Amino acid sequence: MCTLFKGILHRKEAKSPRHLYYCLLRQEIFITVELDFPAGRHRAAVATADVCDSNAALLVNGDLRALDPIFKIYGRRLAFSGPIVTVKVFEDNVLVRQLLETEGNGRVLVIDGGGSTRCALVGGNLAQWAHDMAWAGIIVNGCIRDVDEINACDIGVRALGSNPLKSNKKAVGDKHVPVQIAGTLIHDGEWLYADSDGILISKTELSV
């Protein structure tokens, strides 16, 4: 992908007619920059409503489930999807940080914080770190903080709400375990699809 930047030389820079002519010749300067996006982060958006309409049988047998609509939308990326990584904690975000410091490769971190709203499990620094490490999104069954910073970050985030209090730092919890969130049992390695309509969990990757 390429981006064009346009540089303008102002007339006041000219010191002589010849210099003015030289400036006019070089008035428009275009620079091509190659932007390399980590694989998987920018998957084509899949509308959750279309996924449901196209996979009625999977909804019936439970291979496709919708989370209860309890989450608020944060972050600039409104729609995202990817393989799930689970972590179970309670008012402690050390394991969350450990996971987000690894390469995301377009995955989605699902954090079961027990539904506690007494402190935040993800803040602006972690959200930016997740973006830099190519995570597609973060689901928090709990709270976030630094809302303005997260909303300025190109990543998808869902949470129950916000709380300015930070969490404990005792490294208590479990990674890659089944978690029960919003009426649904979620397993590590399943797929998550999220957009403005809601959040879906699928046993496998889907297409419409």
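Predicted model: local features only at pLDDT ≥ 70, side-chain atom pairs only at ≥ 80, totals over all residues.
Which residue in β13 does Pro83 stand opposite? Pro83 stands opposite Trp191.

Residues are numbered from 1 along each chain as its sequence is written, and side-chain values use heavy atoms, with hydrogens and water left out.

Let us take strand β5. Helices (H or I, at least four residues) and strands (E, at least two) are DSSP runs numbered from the N terminus. Two strands pair if DSSP finds at least two bridges between them. β5 and strand β13, residues 191-195, run antiparallel and are joined by four bridges. β5 is also joined to β6, by five bridges, and these two run parallel. Within that pairing, Lys88 has Asp112 in β6 as its bridge partner. β5 is mostly covered, with eight of its nine residues buried. Here buried means under 20% relative accessible area, exposed means over 50%, and partly exposed lies in between, with a 1.4 Å probe and protein chains only.

That brings us to the interior. In soluble globular proteins, nonpolar side chains tend to be buried together. A nonpolar core, as used here, is a set of buried Ala, Val, Leu, Ile, Met, Phe, Trp, Tyr and Cys residues joined through side-chain atoms within 4.5 Å. The largest such core has 25 residues, and Val96, Leu109, Ile111 and Val122 have the most contacts inside it. Two or more residues are given to this core by each of β5 (80-88), α4 (94-100), β6 (108-112), β7 (120-122), α5 (124-132), β8 (137-144) and β9 (156-162). The largest share, four residues, comes from α4.

Which residues does Val96 contact, leaving aside its neighbours within four places in sequence? With contact meaning heavy atoms within 4.5 Å, the partners of Val96 are Val87, Val89, Leu109, Ile111, Leu121, Val122 and Leu126. There is also a second, separate core of 16 residues, which includes Leu67, Phe80, Leu192 and Ala194.

I turn now to the annotated positions. UniProt, in an unreviewed entry, gives the annotation "binding site" to Gly123, Gly124, Asn125, Leu126 and Arg145. These residues gather at one spot, because no two of their C-alpha atoms are more than 10.2 Å apart although they span 23 residues in sequence. The lining of the largest pocket includes Gly123, Gly124, Asn125, Leu126 and Arg145. For the pocket, a 1 Å grid is laid over the protein atoms alone: a cavity is a set of points where a 1.4 Å probe fits but cannot get out, whereas a pocket is an open set with protein on both sides within 12 Å along at least five of seven lines, and lining residues have an atom within 4 Å of a point. UniProt positions are given in the numbering used here, feature names are shortened, and annotations may be inferred rather than shown by experiment.

Gly124 is found in helix α5 and is buried, with a relative accessible area of 6%. Beyond its neighbours within four places in sequence, Gly124 is in contact with Arg145, Asp146, Glu149 and Ile150. Leu126 also has its place in helix α5, and at 3% relative accessibility Leu126 counts as buried. Not counting residues up to four places away in sequence, Leu126 touches Asn93, Val96, Arg97, Leu100 and Leu121.

The feature "binding site" is also placed by UniProt, in an unreviewed entry, at Asp146. Is Asp146 buried or partly exposed? Asp146 is partly exposed, because its relative accessible area is 32%. Asp146 lies in the loop between β8 and α6 (147-151) and touches Gly123 and Gly124, again not counting residues up to four places away in sequence.

Finally, let us consider a loop residue. Thr117 lies between β6 and β7 and counts as partly exposed at 45% relative accessibility. Thr117 and Leu160 are 43 residues apart in sequence, and their C-alpha atoms are 7.6 Å apart in space. Setting aside residues up to four places away in sequence, Thr117 touches Cys143, Leu160 and Asn163.
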